[in-house]
Number of protein chains: 2
Amino acid sequence: MSKHQKEMALLKEHLGKHQLKYTRQRELILDAFLKQEHITAEELYHQLSRKDPHLGLATIYRTLNLFCEAGLAQARHFGTQTQYDNVSHKGHHDHLICTECGKIVEFENCDIERLQEEVAARNGFVIKTHRLELYGLCSRCQH
Amino acid sequence: MSKHQKEMALLKEHLGKHQLKYTRQRELILDAFLKQEHITAEELYHQLSRKDPHLGLATIYRTLNLFCEAGLAQARHFGTQTQYDNVSHKGHHDHLICTECGKIVEFENCDIERLQEEVAARNGFVIKTHRLELYGLCSRCQH
DNA sequence: AAGCTAATTGAAATGGGTTATCAATTTCAA
DNA sequence: TTGAAATTGATAACCCATTTCAATTAGCTT
Ligand SMILES: [Mn+2]
Ligand SMILES: [Mn+2]
Ligand SMILES: [Zn+2]
Ligand SMILES: [Zn+2]
């Protein structure tokens, strides 16, 4: 039995509602995707090329966009590429990015998260997701 | 006398420090840029094409990137394009975005800004800019 | 003012990431 | 099993942005 029953059920529900089909490729991509916290289309393509050399890059892109529509993934434009976040991973995090060397540090800060909720509430919003990126210089690049 | 003395001085200071030159094109682009709150390179190109049909798009891009380095502008990847924010126009602010109707609320929260600095310091970073976007449903779209 | 040198420019080519096209294949309901 | 509709993979097209390069220009230095 697969480890990702819940996510697979979610996907199949979406497929059913939209007259879409459950294909071998979608199953393959789903399994690989759910093992990651976040990944780019290109990275996933290289991983899966070993298992199935005929899998096309376009299919990866199409399927990741499908996952976004089904609520399994969340696209995040990161620099020049798009990162697809695995929503089922609970550990939400934000990013510190060095604009000089490209170093990326992930962090979580619940105080910030709480203040975000307060700002939203004050404006009548209910937050579903958010994005916080801090750009600057890492310790090595400050000199 | 120009309306944008302060920004022009800032730019000239940056130019001086980096052996760069004050050109007719840079002056033209600066004037047009400072009239906007935020704009894309393409939009600026179309605006200026009327005044100077020979101005190249590459020059617009180069100059907007220069403005970013001089601290006059701030690049923000928004969807597929890059928005260049006029820093002098409105100061820094973040965004609440309704994913249903597209409504955007601007906000500023110094507690969050302070916590961001703490996170950065803890990781040895010095922040130059940041980006915080909260996605959710506005009061009208929650029903 | 004229000369010199390095920076800048515009046109065009190039680049990277993503989406569109389309004939062949596959899914799945009837 | 059959057939209509969705999907796939290869490739071309796209979009935005940067790079290239020969010609021009800015701004010192005589
Ligand atoms: Mn967060
Ligand atoms: Mn802010
Ligand atoms: Zn660095
Ligand atoms: Zn709304």
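I began with the interface: chain A and chain B bury about 2900 Å² between them, 67% of it on carbon and sulfur atoms. Buried area here is the accessible area (1.4 Å probe) that two parts lose on being put together, summed over both. In chain A, Phe125(A), Arg131(A) and Tyr135(A) lose the most area to chain B, together 22% of what that side buries.

This is a predicted model: local features need pLDDT of at least 70, side-chain atom pairs count only at pLDDT 80 or more, and totals for chains, interfaces and linings use all residues. Residues are numbered from 1 along each chain as its sequence is written, chains are lettered from A in the order written, and side-chain values use heavy atoms, without hydrogens and water.

I looked up the contact next (heavy atoms within 4.5 Å). Chain A gives 34 residues and chain B gives 34 residues. Of the interface residues of chain A, 97% are also interface residues in chain B, so the copies meet through the same surface.

Eleven bridges join strand 6 of chain A to strand 6 (residues 126–137) of chain B, and the two run antiparallel. I noted one partner: Glu133(A) bridges to Arg131(B).

Terms used. Pairing = 2+ DSSP bridges. Helix = DSSP H or I, 4+ residues; strand = E, 2+ residues; numbered from the N terminus.
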